[in-house]
Amino acid sequence: MSFRQRLDRVSPERETVITIGVFDGVHRGHAHLLQHLISAAGTAYQPTVITFANHPVTVLQPGRQVSLITTLERKEGLIREMGIDQIVSLEFTEELARISAREFVGLLQDKLLMKGLVIGSDFALGRDREGNSDRLAELGKELGFSVEIVEPLLLDGLLVKSRVIRQRLNDGEVSVSNHLLGRTFSLAGPVVTGDKRGRTLGFPTANVNVSKTMAHPADGIYATWALVDGERRPSATSIGVRPTFGLTERLVEVYILDFDGDLYGRELEVEFVDKLRDQETFSSLEALVEQINRDVVNTRETLAISGGAHGP
């Protein structure tokens, strides 16, 4: 479905105030922008978010891949939790990349009854990113819609951006990522059959098949929560290739403390609280088991300190 066809299918309840972006992660910076959107809409207009099912960079820079912090479904759910019901998800295509800023905002006025646009200061749309904040302000005066420019959010000196969160995850700094997200970063996927090495060591793990399109924390051992039947259970999660066994396939393996159920084939979500240590190679299985026991103790302590909280 083209972006024009998708816009044709939207039926606004009333005139709208719109914001546009990828909104990957729906982090605190996004929340900051969305609160401005809600405020600008007030009771007279319908706050509306236009987002993308794919990351524009993969179209604008063919061959480049961007690991996503949230799935489209999760992203839309988080935006709705903030009180915005009208979300228009578009497929970013070469056709959309070529459209002029004037034509695109004209479509928004025609199809979505746009009366206002709320954007970040570094936002741009249209061919060659011609529709920057200055150009959109000019178009707003000419075509009759307001433009509000929102400055980016800084937390503890860090710019709250999806790319910053991805980098922190890539560095294993999940606690920093969680702070910028405003909630605990999580991965989810079906539990698949592994080689059952953990069970032979006395620590049966759930091997979670996470999509390679999703962002992963760096290799290492993490204190985590595993969501089982709606209950958050303490767990220790390993991400890596298990060098002690000479393996090369990167796995996400979850050891759920004090749990003995069968999870094969079920969807498992894992929330990452903090990194315990890097991935290591051990000289013997005995040394590995000793370290896993220490990891379990450290996991209990870390999760106790966190208080079980997982953000707003």
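The mean positions of the 35 positive and 43 negative charges of the chain are 3 Å apart. Lys and Arg count as positive and Asp and Glu as negative, while His and the chain ends are not counted; the place of a charge is NZ of Lys, CZ of Arg, CG of Asp or CD of Glu. This is a predicted model, in which local features need pLDDT of at least 70 and side-chain atom pairs count only at pLDDT 80 or more, whereas totals for chains, interfaces and linings use all residues. Residues are numbered from 1 along each chain as its sequence is written, and side-chain values use heavy atoms, with hydrogens and water left out.

**Overall dimensions and content**

- The C-alpha trace of the chain spans about 75 × 40 × 35 Å along its principal axes.
- The chain holds 11 helices and 13 strands, taken as DSSP runs numbered from the N terminus (helices H or I, at least four residues; strands E, at least two).
- Of the 312 residues, 47% count as buried; buried means under 20% relative accessible area, exposed over 50%, and partly exposed in between, with a 1.4 Å probe and protein chains only.
- The accessible surface comes to about 15,300 Å², and carbon and sulfur atoms make up 47% of this surface. Areas come from the Shrake-Rupley method with a 1.4 Å probe, and for residues only the protein chains shown count as cover.
- Among contacts (heavy atoms within 4.5 Å) between residues at least 6 apart in sequence, 73% join residues at least 24 apart.

- Strand β10 (residues 220-228) pairs with strand β11 (residues 231-240) in the antiparallel sense, over nine bridges. Pairing requires that DSSP finds at least two bridges between the two strands.
- V228 has E231 of β11 as its bridge partner.
- Two residues lie between the strands in the hairpin of β10 and β11, where D229 takes a positive phi near 55 degrees.
- β11 also runs antiparallel to strand β12 (residues 251-256), the two being joined by six bridges.
- The bridge partner of S238 in β12 is E253.

**Salt bridges**

- A salt bridge is a side-chain nitrogen of Lys or Arg within 4 Å of a carboxyl oxygen of Asp or Glu, and the count by this rule is 21.
- Side chains of opposite charge can pair when their charged atoms come close.
- R232 and E271 form a salt bridge, with the closest N and O atoms 2.9 Å apart. R232 lies in strand β11 and E271 in strand β13 (residues 267-277), so the pair ties together parts that are 39 residues apart in sequence.
- R232 is partly exposed, at a relative accessible area of 23%, whereas E271 is buried at 7%.
- R277 and D295 meet through their side chains in a salt bridge (2.8 Å, N to O). Since R277 lies in strand β13 and D295 in helix α11 (residues 285-306), this pair ties together parts that are 18 residues apart in sequence.
- R277 is buried, with a relative accessible area of 13%, and D295 is buried at 5%.
- R98 and E94 meet in a salt bridge at 3.9 Å, N to O. Both lie in helix α5 (residues 94-98), four residues apart, about one turn of the helix.
- E94 counts as exposed, at 53% relative accessibility.
- R4, E95 and E103 are linked in a network of salt bridges.

**Helix α8 and its surroundings**

- In helix α8 (residues 162-170), the residues S162, V164, I165, R166 and L169 are buried.
- These buried residues pack against α2 (28-41), β7 (158-159) and α9 (174-181).
- G172 follows α8 and has a positive phi, near 80 degrees.

- H55 sits in the loop between β2 (46-52) and α3 (57-60) and counts as buried, at 15% relative accessibility.
- Leaving aside neighbours within four places in sequence, H55 is in contact with V22, V66, L68 and R166.
- H55 and S67 are 12 residues apart in sequence, and their C-alpha atoms are 9.1 Å apart in space.
- Q291 belongs to helix α11 and counts as buried, at 11% relative accessibility.
- Leaving aside neighbours within four places in sequence, Q291 is in contact with R277 and F282.
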